[in-house]
Amino acid sequence: MTAQILDGKATAAAIKTELAARVEALRARGIQPGLGTLLVGDDVGSQKYVAGKHRDCAQVGIASIQRELPGTASQEDIEAVVRELNEDPACTGYIVQLPLPRGIDTNRVLELMDPAKDADGLHPTNLGRLVLNERAPLPCTPNGIVELLRRHKVEIDGADVAVVGRGITVGRSIGLLLTRRSENATVTLCHTGTRDLGEHLRRADIVVAAAGAAHLVRPEHIKPGAAVLDVGVSRDPVTGKIAGDVHPDVAQVAGWLSPNPGGVGPMTRAMLLANVVEAAERAAGADRVG
Ligand SMILES: Nc1nc2c(c(=O)[nH]1)N[C@@H](CN(C=O)c1ccc(C(=O)N[C@@H](CCC(=O)O)C(=O)O)cc1)CN2
């Protein structure tokens with residue numbers, strides 16, 4: 001048996017077609033959504049991701065605002081650009097590409113963002129709204145994973161989910177999404193301090209591997225038929241080639257597997273666009289009422 005593919009590339013393309021129609025409707029009302037990005041430093045992976053985000057914007061009719069700072073930028077330099085994006089009316093939503101260089105206080109930068117323009121759902125106010133089950137932009141990768149499972153009709157209701165990795169962009173927040181009443185899963189968050197990772201993984205109907213450790217999840221860890229989502233990216237510093245967190249042989253055991261590349265990455269980008277469009281629609285609705 002070989003796992004069925006959780007095709008992030010095709011699913012993201014379908015979502016982008018849907019979003020393009022919504023952007024067109026906004027533009028017909030004189031509203032132009034614009035995504036800003038702030039990239040600090042010269043990490044090749046981050047440069048690629050940001051370039052991809054702007055390519056996506058062009059495809060769906062969202063305007064692009066790109067800000068770049070060198071890796072030597074100070075906390076104050078970064079915060080000045082954040083303030084500028086907060087004030088810029090053409091920028092209806094924006095992201096600060098992570099990770100920021102060593103020595104920068106990331107939480108202070110995120111806190112300074114206008115939560116209404118937070119296209120990543122990573123501002124403390126918006127993460128708090130997620131905890132409180134209030135409407136807010138959702139973190140893009142977790143939301144992309146839920147959407148990928150839904151669109152492939154993988155059963156989430158009642159599923160046992162094991163998440164590996166406790167990072168801010170995925171591990172910490174995906175449990176909040178998957179345990180909402182609408183999803184209704186049971187989630188175990190595993191990390192480097194987890195005593196027997198294999199035991200947790202083997203029980204899971206859905207595994208989300210987001211540890212950033214190449215081929216950490218192996219076929220013997222997977223329950224036959226389980227859905228496996230490979231979020232991790234370990235990049236060879238010389239060749240730039242990507243290795244996921246999931247060993248390729250997992251495909252022989254899993255029922256569903258997200259390829260890497262072509263799985264969760266494109267979904268992350270599609271959900272970013274969805275957050276920008278939703279924020280613009282919400283603002284337009286608020287304008288109408290006002
Ligand atoms: N501010 C943020 N920073 C980071 C986030 C985030 O959601 N917000 N997530 C990751 C990186 N990321 C988005 O920024 C991201 C990662 C991967 C992809 C992607 O499309 N990957 C392709 C492969 C691309 C390649 O060949 O290198 C794929 O999986 O097919 C998009 C976005 C950390 N930082």
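The ligand lies between two domains, because domain 1 (28-114) and domain 2 (140-265) both contribute residues to the shell around it; the domain bounds come from an automatic or database domain assignment. This is a predicted model, in which local features need pLDDT of at least 70 and side-chain atom pairs count only at pLDDT 80 or more, while totals for chains, interfaces and linings use all residues. Residues are numbered from 1 along each chain as its sequence is written, and side-chain values use heavy atoms, with hydrogens and water left out.

The space taken by the ligand is the largest pocket. On a 1 Å grid over the protein atoms alone, a pocket is an open set of points where a 1.4 Å probe fits, with protein on both sides within 12 Å along at least five of seven lines.

The shell around the ligand holds 15 residues, of which Lys 53, Val 96, Leu 98, Asp 120 and Gly 262 come nearest; a residue is near if one of its heavy atoms lies within 4 Å of the molecule. By class, the shell comprises six nonpolar, four polar and five charged residues, with Gly counted as polar and Asp, Glu, Lys and Arg as charged.

Polar contacts are pairs of N or O atoms within 3.5 Å. An N or O atom in the side chain of Lys 53 is 2.6 Å from an oxygen atom of the ligand, and a polar side-chain atom of Lys 48 lies 3.4 Å from a ligand oxygen atom. At Val 96, a polar backbone atom is 2.8 Å from a nitrogen atom of the ligand. Of the 680 Å² of accessible area that the ligand has on its own, the protein covers 83% (Shrake-Rupley method, 1.4 Å probe).

Helix H2 (44-60) and helix H9 (264-289) are the elements that give two or more residues to this shell, helices being DSSP runs (H or I) of at least four residues. H9 gives the most, with four residues.

Notes:
A polar contact is a pair of N or O atoms within 3.5 Å; within protein, one must be able to donate a hydrogen and the other to accept it, and residues adjacent in sequence count only if both atoms are side-chain atoms. On a 1 Å grid over the protein atoms alone, a cavity is a set of points where a 1.4 Å probe fits but cannot get out, and a pocket is an open set with protein on both sides within 12 Å along at least five of seven lines; lining residues have an atom within 4 Å of a point. A molecule sits in a cavity or pocket if more than half of its atoms lie within 2 Å of its grid points.
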